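Dear colleague,

Please find below the structure that I am handing over to you. My notes on it follow directly after.

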Amino acid sequence: MKRLIALATLLVALSACSGRTIVTADVDVLSFLDAVDLSQEVTVPGSIEVYLPDSDDDLITPDGGYLVNSVPLLDQLTGFGVRVEIELENTGSGTLDIAASFRLAPASDSANIYDGNNDVALAEAAASLAPSSTQTVVLEASLAQGDPNLDLITGDGFRIGLDVRATGSSTVRYRLTGFALTLSQRPFNLIVP
Ligand SMILES: [Ca+2]
Ligand SMILES: [Ca+2]
């Protein structure tokens, strides 16, 4: 079984593995983000922390991130996976240290998915960039059945976001080049219209 479902807010590819024991929905988050979230040059005046995707029109204020809902499989998930790729280019004259994390939060955590209250950092990565250098940071995580963090995802959806901290005096251009989610569920739990 393989089918594409076009929804108002999300494109989801559904497929079942050959054993027909697990159904997965692949969500390409990149295709739903605004241009400002995908790429921007930011001045780093000693240190700065930005939050992506930005939902309150200010990159440096933490917020509710991106709400994923209106997709199949949200009820009774048996697995969750994420892979994010952030290309970072040091466009200034100073060295930069970068630390990035991927956050997961329930739909109800609409004010701040970065404060450790009802939210969690599932993946973290760091990089050091000399002037004029470019590196790609990869954030990757998966949750298996029984992981308590899966309980953050309910039929109402869930929230996701990236916390990117830069330290140094320079400028940095970030470019989100990959942001993919995989939601897994056993077929007997699947409800598709
Ligand atoms: Ca913000
Ligand atoms: Ca929170």
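S132 lies in the loop between β8 and β9 of this predicted model; helices (H or I, at least four residues) and strands (E, at least two) are DSSP runs, numbered from the N terminus. Although S132 is not a glycine, its phi is positive, at about 70°. S132 is exposed, because it has 10 other C-beta atoms within 10 Å. For this term, a residue is buried if 20 or more other C-beta atoms lie within 10 Å of its own, exposed if 12 or fewer, and partly exposed in between, with C-beta atoms placed from the backbone.

The loop between β4 and β5 holds D57, another residue other than glycine with a positive phi, here near 60°. D57 counts as exposed because 8 other C-beta atoms lie within 10 Å. P53 also sits in the loop between β4 and β5. The peptide bond that joins L52 and P53 is cis, with omega at about -10°.

As for conventions, residues are numbered from 1 along each chain as its sequence is written, while chains are lettered from A and ligands numbered from 1 in the order in which they are written. Because this is a predicted model, local features need pLDDT of at least 70 and side-chain atom pairs count only at pLDDT 80 or more, whereas totals for chains, interfaces and linings use all residues.

Confidence

pLDDT is the predictor's confidence in each residue, from 0 to 100. The protein chain has a mean pLDDT of 88, and 85% of its residues reach 70 or more. Over residues 1–11, pLDDT stays under 50, and the model has 19 contacts beyond four places in sequence for this stretch. Two residues are in contact if their C-beta atoms, placed from the backbone, lie within 7 Å. Where pLDDT is low, the predicted coordinates should not be read in detail.

Overall architecture

The protein chain contains 1 helix and 10 strands, which follow the pattern β-β-β-α-β-β-β-β-β-β-β along the sequence. Of its 193 residues, 31% count as buried. Among contacts between residues at least 6 apart in sequence, 75% join residues at least 24 apart.

The nonpolar core

A nonpolar core is a set of buried Ala, Val, Leu, Ile, Met, Phe, Trp, Tyr and Cys residues joined through C-beta atoms within 7 Å. The largest one here has 41 residues, of which V84, I98, F158, V164 and L183 touch the most other members. At least two residues of this core come from each of β3 (23–28), β4 (39–52), β5 (66–68), β6 (79–90), β7 (96–106), β8 (120–129), β9 (134–144) and β10 (158–185). The most are given by β10, with 10 residues. In soluble globular proteins, nonpolar side chains tend to be buried together.

Leaving out residues up to four places away in sequence, I98 touches L88, A126, A127, L129, V137, V164 and A166. F102 is part of strand β7 and is buried, because it has 21 C-beta neighbours inside 10 Å. Beyond four places in sequence, F102 is in contact with V82, V84, A121, L122, A123, L139, A141 and L162. F102 and A121 are 19 residues apart in sequence, and their C-alpha atoms are 5.6 Å apart.

Which residues does T171 touch, not counting residues up to four places away in sequence? They are E41, V42, T43, V44, T91 and G92. T171 belongs to strand β10 and is partly exposed, because 19 other C-beta atoms lie within 10 Å.

E41 belongs to strand β4 and is exposed, because it has 12 other C-beta atoms within 10 Å. The C-alpha atoms of E41 and T171 are separated by 6.9 Å, although the two residues are 130 apart along the chain. With residues up to four places away left out, E41 touches T91, T171 and R173.

L150 is placed in the loop between β9 and β10. L150 is partly exposed, because 18 other C-beta atoms lie within 10 Å. Beyond four places in sequence, L150 is in contact with L77, F80 and L143. Between the C-alpha atoms of L150 and T78, which are 72 residues apart along the chain, the separation is 7.9 Å.

With kind regards
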